[in-house]
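Welcome, and thanks for taking a look at this one. Below is a short briefing on the ligand site, the metal site and two further residues.

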Amino acid sequence: MDTPLRRLWTEGRCARAAWVTLNHPLVAESLARLGFDALCLDLQHGLLTESDLLGMLQAVSQTGASALVRVPSHDPALIGRALDLGAAGVIVPLVNTPAEAAAVVAACRYPPAGRRSYGPVRASLLYGSDYAARANDAVSVFVMIETEQGLANLEAICDTPGLTGVFIGPIDLSYALGLPPQPDNPHPAHVAAVTRILEACRRRGLVAGSFSDDPSFGRALVEKGAQLVVVATDARCLTEAASARLRAFDAPSRTSHT
Ligand code: 3PY
Ligand code: MG
C-alpha cells in the first residue's frame, strides 16, 4: 500500500524524524506541524505510557507527518495496540535473534501472513474500512539492532521476511561495543558497526534508520544510506533552546559589569 513513508523510501529519500518523549499531544502536534516526515513516539524511555498514545496519535494525524511508535518491548499485545490506535508502524527495541525478529513481524501482520489479532479500533477510522485488507502491506516494522547479540545476528535478522527495516540504537550499541554510551559515536568500532548495518540493509532493500542527536552526524548517515533519521528530540530541544536564551539574556549584563 502506498503510504507517505513508503513513498519517500521507494523514491530513495530519507524520512526526517522527531523523537517524542514528552507525553502531551501538543508536543506531538507542535513538532509534527514543523514539517517532519515522521514522529517517533517513545514508549520505551519517554514519559509516554499506553494511555497517552491515543491523544498523541490523534494530534499527529492532524498534520502531514506519520507516526511511528517505539514500543517498550516485543510484547505482541502492545505492538497490536499501537497499530490498532493508528500508528503507521512500530520500532521494536533490543532485537537479538532472527526468531525474535520473526515474532515481531508476525505481531504486525494479520493472518495468514502473521498473528496480529483483528481490532483496528482507530486505524480503520483513520485509514478506511478496508484497513485490514491493506494493513499487511502498509504497516512499517523496524527492529532495533543495539546489542552485541543483535549485531552478531545482523545478517540473519535482516533476512527476516516482512521486515521494513532496521533501526540503530547508537547509545545501546555503544554499550554493546564496550564503549561509553553516546548517540553520535565517532569511535571507529561504532562507525564500523553502523556501516555494517547500513550495508546489510542496502543489500536487501531494507530501510535503515537511526537515532541521532546531531544534525550533521545525522546528515552523514543519510549520505551513507540511512532513510529514517532522527533530527530532533523534544526534551533536548527544549533545554537547549532555553539554555541558549538564558545565556543570551545574561550576556549583556555580564559585559556591562566588567
Ligand atoms: C539507543 O540509542 O540505544 C536508542 O535506543 C535510541 O533511543
Ligand atoms: Mg536503545
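A residue counts as buried under 20% relative accessible area, as exposed over 50%, and as partly exposed in between. Asp-172, at 26% relative accessibility, is therefore partly exposed. Please keep in mind that this is a predicted model.

**Ligand 1 and its shell**

- Which residues surround ligand 1? They are Trp-19, Arg-70, Met-144, Glu-146, Gly-169, Pro-170, Ile-171, Asp-172 and Phe-211.
- Sorted by class, this shell around ligand 1 holds 5 nonpolar, 1 polar and 3 charged residues.
- Helix H10, covering residues 170-176, gives the most to the shell, with 3 residues.

**Polar contacts of ligand 1**

- The side chain of Arg-70 places an N or O atom 2.9 Å from an oxygen atom of ligand 1.
- From the backbone, an N or O atom of Ile-171 lies 2.7 Å from a ligand 1 oxygen, and a polar backbone atom of Asp-172 is 2.9 Å from an oxygen atom of the ligand.
- Taken on its own, ligand 1 has 230 Å² of accessible area, and the protein covers 92% of that.

**The magnesium ion (ligand 2)**

- Two residues supply the protein donors of the magnesium ion: Glu-146 through OE and Asp-172 through OD, lying 2.1 Å from the ion.
- Glu-146 sits in the loop between strand E5 (140-145) and helix H8 (148-152), while Asp-172 belongs to helix H10, so the pair ties together parts that are 26 residues apart in sequence.
- Is Glu-146 buried or exposed? At 2% relative accessibility, Glu-146 counts as buried, whereas Asp-172 is partly exposed at 26%.

**Asp-37**

- Asp-37 is found in the loop between helix H2 (25-32) and strand E2 (38-42).
- Its relative accessibility of 17% makes Asp-37 buried, because the cut-off is under 20%.
- The Asp-37 side chain reaches the backbone nitrogen of Arg-16 at 2.8 Å.
- Leaving out residues up to four places away in sequence, Asp-37 touches Leu-5, Leu-8, Cys-14, Ala-15, Arg-16, Ala-65 and Ser-66.

**Ala-32**

- Ala-32 is part of helix H2 and is buried, with a relative accessible area of 5%.
- Although Ala-32 and Gln-62 are 30 residues apart along the chain, their C-alpha atoms are separated by 8.6 Å.
- Beyond residues up to four places away in sequence, Ala-32 touches Leu-39, Val-60, Thr-63 and Ala-65.

Note on methods:
Residues numbered from 1 in each chain as written. Chains lettered and ligands numbered in written order. Predicted model: local features only at pLDDT ≥ 70, side-chain atom pairs only at ≥ 80, totals over all residues. Heavy atoms only, no water. Near = heavy atom within 4 Å. Polar contact = N/O pair within 3.5 Å; in protein donor to acceptor, adjacent residues only side chain to side chain. Areas by Shrake-Rupley, 256 points an atom, 1.4 Å probe, with all protein chains shown as cover. Helix = DSSP H or I, 4+ residues; strand = E, 2+ residues; numbered from the N terminus. Nonpolar A, V, L, I, M, F, W, Y, C, P; charged D, E, K, R; others polar. Donors = N, O, S within 2.8 Å, 3.2 Å for Na, K, Ca; no water. Buried < 20%, exposed > 50% of the residue type's maximum accessible area, 1.4 Å probe, protein only. Contact = heavy atoms within 4.5 Å.
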